[in-house]
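Trainee: I would like to learn how to read a structure feature by feature. Can we take one and go through it together?

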Amino acid sequence: MKKLLIEFLKKHFKEIASNWAAKLKQLFKDKLSDSQIETFTESSLLTFIDVLEEGDYKIADLYLIEIYTLCSNLNMSLIDVSQLFSQGRYAILNIIETELTGHNDPIILLGFIDEIIEQLYARYSMLHQEAKMNELKYDRDRLASKLELSQQYLKNILHTSDSAIMMVDENETFIAWNKGAERIFGYTEEEIIGKPSSFLLPEGEKYQNELKEIQEEVKEGATKILETERRTKDGRILSVKLSVSKLPGSNGGYAGRSIIIKDFTEFKKLQAQIDQSEKLAVIGQLAAGVAHEIGNPLASISSLVQILQRKSNDPFFTEQLSNIKENIDRISKIVRELVDFSRPPSYEKSMSDITDIIKTALGIVKYDKRVKKVKFETDLKESLPRINIATDQILQVFVNILINALDAIEGNGRITVKSDYDREFIYVSFSDDGCGMDENTVKQIFDPFFTTKEVGKGTGLGLSVSYGIIKQYNGEITVESKLNEGSTFTVKIPIKENTKSNMR
């Protein structure tokens, strides 16, 4: 089939490139020139052919770097790039439908094209994410460096400084203490002069060892800068930043050390702002990634449904296609809301039965090609309390967990779904007898972009999104897993907080 597809792409190269470019010129006429679009379509098709012939996606790396350079210079988002690739799929699909008949199934050929585009887009997304993270790191380091320079300047303003500036002699006793130190720690100069250098240390061996390390390094002439804690007069433990330097004696030897202590409160606020900017960047990547994760397969499903509808006259098959169409409409709604990231999703809540949602999720997953040797077992509690939720959101959570279970058992094993409730929570558990996870993996599975799958096989977004959805309802997802024995995911949703009395 790959050989047939290679011959097909070469034979219809100009026609596909022309149709692809024509559509892109309509969509991106304000961003890309005609020559840029034509170069993109031709180089993309050549890359498709090279990947098919060599069977190695690494040969596409130079092509992806060139595409990233072009798109980043034009401020094109991941959604825009997804559109560039998706239009290529449609251009190829249109010609496949008209040219290939008989024993050559167009669905199989389309599957090869989908795999190539998914893999290339996944590699592009990783390149995009890495570049954005490097930009944030550079901005953070530059800001931290600027802060350090400012602190060094403040050292010279001894008498007016808000920093605590003090000196310790070679006998390890305080001999100087400024007003900044008095303000931060609460001790007056009279109270502190003559006290041992360990006077401000909190209790604990850690701080005694830290003091010894400072003494040794500063005596050798090094300037010691570190973040640590110190104790105030009223017993509070402050987070501070120390800058310790050697005080040279008349012969150049060690005569003590100067200590500048900065209250770290303002720095912590600044660090929180930097961390928040990084989180917002990750959330932006998360939204774009989820939109692609849903949108790209959606395009394939839509294409397949159209082909199957034209071929089928069977009433039962027609009814199943209608069910697929309903799921496509629901997914489309999610994609539209994720693309418009500046506004929160407007999911409508209603009083819903969790059991119905579980059954719908199982029905969707059973269409997966991997379930031929999978045994599904259910133990669903009757008459679960109805709660006020967005059905599409909870369905998305259940489907994500079930798909992960399918991946864990690799299409051969058992998946058990149970539901129950008590006075406070509804419980839904999903168990599999698959590969399981070690403790380190369990700790990271809800982190955005963390995945144990091969590159291109998953974005690491499904469980992160699911965790966020359940948290919106003040619920919880817990995991129990043992390596090579299987895993159990339990979703807990509060009853009282999500009933009609709390509807707003």
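**Reading the features**

Mentor: Trp20 is buried, and Phe40 is buried as well. Buried means under 20% relative accessible area, exposed over 50%, and partly exposed in between, with a 1.4 Å probe and protein chains only. This is a predicted model: local features need pLDDT of at least 70, side-chain atom pairs count only at pLDDT 80 or more, and totals for chains, interfaces and linings use all residues. Residues are numbered from 1 along each chain as its sequence is written, and side-chain values use heavy atoms, with hydrogens and water left out.

Trainee: How many aromatic pairs does the structure hold?

Mentor: A pair of aromatic rings is described by the distance of the centres and the angle of the planes. Rings of Phe, Tyr and Trp (its six-membered ring) pair if their centres lie within 6.5 Å; planes under 30 degrees apart count as stacked, over 60 as edge-to-face and the rest as tilted. The structure holds ten such pairs. In one of them, the ring centres of Trp20 and Phe40 are 5.6 Å apart and the planes are at 75°, so the pair is edge-to-face. It links distant parts of the chain: Trp20 is in helix 2 (residues 13–27) and Phe40 in helix 3 (residues 34–54), 20 residues apart. Helices (H or I, at least four residues) and strands (E, at least two) are DSSP runs, numbered from the N terminus.

Trainee: Which residues do ring pairs link into a cluster?

Mentor: Trp20, Phe40, Phe48, Phe85 and Tyr121.

Trainee: What about Phe398 and Phe430?

Mentor: Phe398 and Phe430 are both buried. Their ring centres are 5.3 Å apart and their planes are at 50°, so the pair is tilted. This pair also links distant parts of the chain: Phe398 sits in helix 13 and Phe430 in strand 10, 32 residues apart.

Trainee: Where does the charged end of Lys492 sit?

Mentor: A charge sits over a ring if NZ of Lys or CZ of Arg is within 6 Å of the ring centre and within 35 degrees of the ring normal. The charged end of Lys492 sits over the ring of Phe425, 4.6 Å from its centre. The charged end of Lys195 sits over the ring of Phe199, 5.9 Å from its centre.

Trainee: Now the sheets. What is the order of the strands in the sheet with mixed pairing?

Mentor: Two strands pair if DSSP finds at least two bridges between them. The open sheet with mixed pairing has five strands in the order 7-9-10-12-11. Strand 7 (373–379) and strand 11 (476–482) stand at the edges with a single partner strand each, so one side of each lacks a neighbour in the sheet. Neighbouring strands are turned by 15° against each other on average, direction ignored. Strand 10 (residues 425–432) and strand 12 (residues 486–494) pair in the antiparallel sense over eight bridges. Tyr427 stands opposite Lys492 in strand 12.

Trainee: Is Ser429 buried or exposed?

Mentor: Ser429 lies in strand 10. It counts as buried, at 15% relative accessibility. Contact means heavy atoms within 4.5 Å. Leaving out residues up to four places away in sequence, Ser429 touches Thr416, Val417, Lys418, Thr488, Phe489 and Thr490.

Trainee: What is the order of strands in the sheet with antiparallel pairing?

Mentor: This open sheet of five strands has the order 2-1-5-4-3. The twist averages 30° from one strand to the next. Angles run from 0 to 180 degrees between N-to-C directions, with axes as lines fitted to C-alpha atoms, for helices over the stretch in contact. Strand 1 (residues 164–169) and strand 2 pair in the antiparallel sense over three bridges. Val168 has Phe174 in strand 2 as its bridge partner. Helix 9 (residues 205–219) packs on the sheet and touches strand 3, strand 4 (237–248) and strand 5 (254–263); its direction makes about 145° with that of strand 3.

Trainee: What is the phi of Asn75?

Mentor: Most residues other than glycine have a negative phi. Asn75 has a positive phi of about 55°. It lies in the loop between helix 4 (61–73) and helix 5 (78–99), and is exposed, with a relative accessible area of 68%.
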